[in-house]
Amino acid sequence: MIGIIYKAQNEQTGEIYIGATTNSLYQRKLDQCERAKRGVKGKFHEAISTYGTDAFSWEQIDSASSIGELAQKEKAFILKYNSKEEGYNQDNGGSGIKRTVYKYDIANGLLIEKYECLEKAAKSVSSSKQHISRACLSVNNIYKGFYWSYNYPFEPNEDARKRKVIYYNFKDETAREFDSVAEASRKTGVSKSCIARFCRKERNPPEGILWEYE
């Protein structure tokens, strides 16, 4: 077990907060109450300050064996209890947990780089941590021409990898269409990583040749 999902419920109003943590429930309760005491802004902390710590009951409601699973479960329980609309959660969850992020080559699924947090991963492609988090939790894991995941090793969804590729040869005015980068590589002899980089405009193909995604 790498972390837990917990529920804090206001016994006076019935309103709920869902949280995820890699610490113990006891430690997380201390942290949240200490933040409320310091006046940290947010619906949950303000409620603790208003009603007092004794007004809340705290319980562990699930656990997870990976950071990705922990984020997914946090999102699921926020939805289940509708605690964003009718409780104290301020977002849909899944993005507030500090976690390692892995960036993979979309052509061959090989690891490109490892980041210690969402912020650094986002900075590498001039994006936001919210976009990277959504990609890590999405079905196809694709964003900005890369696979993103909280998991290592990572196995991409094979169906998601299949993106049509168009090949143009301006010298002899021929064009070909392939169902995927893998098929294009198999039928032309050009490596998958090169084709993918040509299509993402990260590398220039030979003069008179154009590769692009449909």
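Is Lys-144 buried, partly exposed or exposed? Lys-144 is partly exposed, with a relative accessible area of 45%. Keep in mind as you browse that this is a predicted model.

**Backbone angles to look at**

- Most residues other than glycine have a negative phi.
- Lys-144 is not a glycine, yet its phi is positive, at about 55 degrees.
- You will find Lys-144 in the loop between strand 6 (142-143) and strand 7 (146-149).
- Ser-126 also has a positive phi of about 55 degrees without being a glycine.
- Ser-126 lies in the loop between helix 4 and helix 5, and its relative accessible area of 71% makes it exposed.

- The structure holds ten salt bridges, and a few of them deserve a visit here.
- Lys-129 and Glu-119 meet through their side chains in a salt bridge, with 3.4 Å from N to O.
- This pair links distant parts of the chain, since Lys-129 belongs to helix 5 (residues 129-137) and Glu-119 to helix 4 (residues 118-124), ten residues apart.
- Both partners are partly exposed: Lys-129 has a relative accessibility of 31%, and Glu-119 has a relative accessible area of 45%.
- Lys-120 forms a salt bridge with Glu-116, and here the N to O distance is 2.7 Å.
- Lys-120 is partly exposed at 44% relative accessible area, and Glu-116 is partly exposed at 47%.

**A salt-bridge network**

- Asp-62, Glu-69 and Lys-73 are joined to one another in a network of salt bridges.

**Asp-105 and its partners in helix 8**

- Arg-197 and Asp-105 form a salt bridge in which the closest N and O atoms are 3.6 Å apart.
- Here too, distant parts of the chain are linked: Arg-197 sits in helix 8 (residues 192-199) and Asp-105 in strand 4 (residues 101-105), 92 residues apart.
- Asp-105 counts as buried, with 4% relative accessibility, whereas Arg-197 is partly exposed, with a relative accessible area of 26%.
- Ser-193 is another residue of helix 8, and among the residues it touches beyond four places in sequence is Asp-105.
- Ala-107 and Asn-108 are also in contact with Ser-193.
- Ser-193 has a relative accessibility of 18% and therefore counts as buried, the cut-off being under 20%.

**The largest nonpolar core**

- The largest nonpolar core has 19 residues.
- Inside this core, the residues with the most contacts are Val-165, Ile-195, Trp-211 and Tyr-213.
- At least two core residues come from each of strand 4, strand 8 (165-169), helix 7 (181-188), helix 8 and strand 10 (209-213).
- Helix 8 gives the most to this core, supplying five residues.
- Tyr-213 has contacts with Ile-106, Arg-163, Lys-164, Val-165, Val-181, Ala-196, Cys-199 and Arg-200, leaving aside neighbours within four places in sequence.

**Worth a second look**

- Which residue in strand 4 pairs with Arg-197 of helix 8? The partner is Asp-105, and the two are 92 residues apart.

Note on methods:
Residues are numbered from 1 along each chain as its sequence is written. This is a predicted model: local features need pLDDT of at least 70, side-chain atom pairs count only at pLDDT 80 or more; totals for chains, interfaces and linings use all residues. Side-chain values use heavy atoms; hydrogens and water are left out. A salt bridge is a side-chain nitrogen of Lys or Arg within 4 Å of a carboxyl oxygen of Asp or Glu. Helices (H or I, at least four residues) and strands (E, at least two) are DSSP runs, numbered from the N terminus. Buried means under 20% relative accessible area, exposed over 50%, partly exposed in between (1.4 Å probe, protein chains only). Contact means heavy atoms within 4.5 Å. A nonpolar core is a set of buried Ala, Val, Leu, Ile, Met, Phe, Trp, Tyr and Cys residues joined through side-chain atoms within 4.5 Å.
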